[in-house]
Amino acid sequence: MKTILVTGGTGYIGSHTVVELLNLNYEVVIIDNLSNSKEMVLDRIEKITGKRPKFYKGDIRSREDLNKIFKENKIDCVINFAGLKAVGESVRMPLEYYENNIYGAVVLLEEMKKNGVFNFIFSSSATVYGDPASVPVDETFPTGGTTNPYGTTKLFIERILQDLAVAEPEFNICILRYFNPIGAHPSGLMGEDPNGIPNNLAPYITQVMVGKREKLNIFGDDYDTPDGTCIRDYIHVCDLAYGHVCAIKKLEEKPGVVVYNLGTGKGSSVFDILHAFEKAYGKPIPYSVAPRRAGDVTANYTKVDKAAKEIGFTAKYNIEDMARDAWNWQKNNPNGYEE
Ligand code: NAD
Ligand code: UFG
């Protein structure tokens, strides 16, 4: 496969994946409606790789936008990052989430089919496991029990993809269930740039470090874990980006539909992450303990065996690398991609 259409390619995970693809000499075409990203990302991608991906400002819900791309480019594979992803917002605006994420994915798949493109990689999430009965989770664990509409969009799209694979054997589909992507490109030129107050742990911490927020609020220290805070499987965004290359290679084997968890296999608590950032910072980071956040599960981390064995994916960065790179990005770009 040579030419990859990356939807949502100017977003956080998409942009890092585009860099990885360009470095490996894939041709990249991006479609993004810039609802949660900036066009300036393209300059940064070019600075890092020396190449500028072809960019279409457009929407995956627009058949016209998609057809233009499929007519003008010979696409071999689509990676679908485009979607809304804020858990709290999805509770307030469920219809927007179902429309953008699910309808968007359906339109994209229909237009792929019409245009004879049958390789698809989908950004799913560990959230489809709900509150897992035990950890580590593997890909055979039951899905369901999502606690918010965002998570439910991932669950439903996975189900649609399974049904599609049965009905249309020409499709080859790889569902990637990401655990917690954090970190940034080591160059300090690309990273996570959330709008408003960050919902997620790592960008909140880096905004405290850069002086934009007063202190971290730790949502609960009375969970049944060694230090009382929740445990997650944080994965460096560059490792995650590489996971998509592994998925593309797998699709070349025409496997039908396959599912992989992408994580490191290591669980880290909120305090472990805070300490990793303190190490990068060289001084303490202010925090206080706040009440639990609704919908948080105690622990979620993955088994890595299936991805290692079947697609050769192993994460190489640890949480200290993630903290160092996230801090490097934030300190060089205190206002993200703003000029
Ligand atoms: P992001 O918001 O940075 O990137 C998504 C991109 O999609 C944005 O650039 C946005 O402008 C674009 N977009 C949204 N709707 C669109 C539409 N209808 N048409 C065209 N473009 C559209 O998010 P991210 O963190 O890079 O996540 C990428 C994907 O991975 C998402 O599907 C997300 O749900 C999934 N995911 C993310 C995480 C995480 O923690 N970041 C975890 C699991 C899964
Ligand atoms: N946390 C804090 N303070 C904060 C932010 C987070 O203590 O300001 C804690 C949370 O309570 C949780 C941990 O840090 O224990 C991680 O929280 P994140 O919001 O960073 O990540 P989540 O695991 O809640 O959610 C992430 C993605 C979702 C995805 C989910 C899958 O944001 O999109 O992983 O498990 F669905």
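Asn172 is buried, with a relative accessible area of 4%, where buried means under 20% relative accessible area, exposed over 50% and partly exposed in between, computed with a 1.4 Å probe on protein chains only. This is a predicted model, in which local features need pLDDT of at least 70 and side-chain atom pairs count only at pLDDT 80 or more, while totals for chains, interfaces and linings use all residues. Residues are numbered from 1 along each chain as its sequence is written, chains are lettered from A and ligands numbered from 1 in the order in which they are written, and side-chain values use heavy atoms, with hydrogens and water left out.

Asn172 lies in strand S6, residues 172-178; strands (E, at least two residues) and helices (H or I, at least four residues) are DSSP runs numbered from the N terminus. When residues up to four places away in sequence are set aside, Asn172 touches Phe118, Asn119, Phe120, Leu251, Lys254, Pro255 and Gly256, a contact being heavy atoms within 4.5 Å.

S8 pairs with strand S13, residues 287-290, in the parallel sense over 4 bridges, and Asn217 stands opposite Ser288 of S13; two strands pair if DSSP finds at least two bridges between them.

Elsewhere, 3 strands form an open sheet of mixed pairing in the order S12-S9-S14. Strand S12 (268-269) and strand S14 (299-300) stand at its edges, each with a single partner strand, so one side of each lacks a neighbour in the sheet. Strand S9, residues 231-232, pairs with S14 in the parallel sense over 2 bridges, and Ile231 stands opposite Ala299 in S14.

Turning to the whole chain, the secondary structure comes to 11 helices and 14 strands, and 55% of the 339 residues count as buried. Along the principal axes, the C-alpha atoms fill a box of roughly 55 × 45 × 40 Å. Among contacts between residues at least 6 apart in sequence, 80% join residues at least 24 apart.
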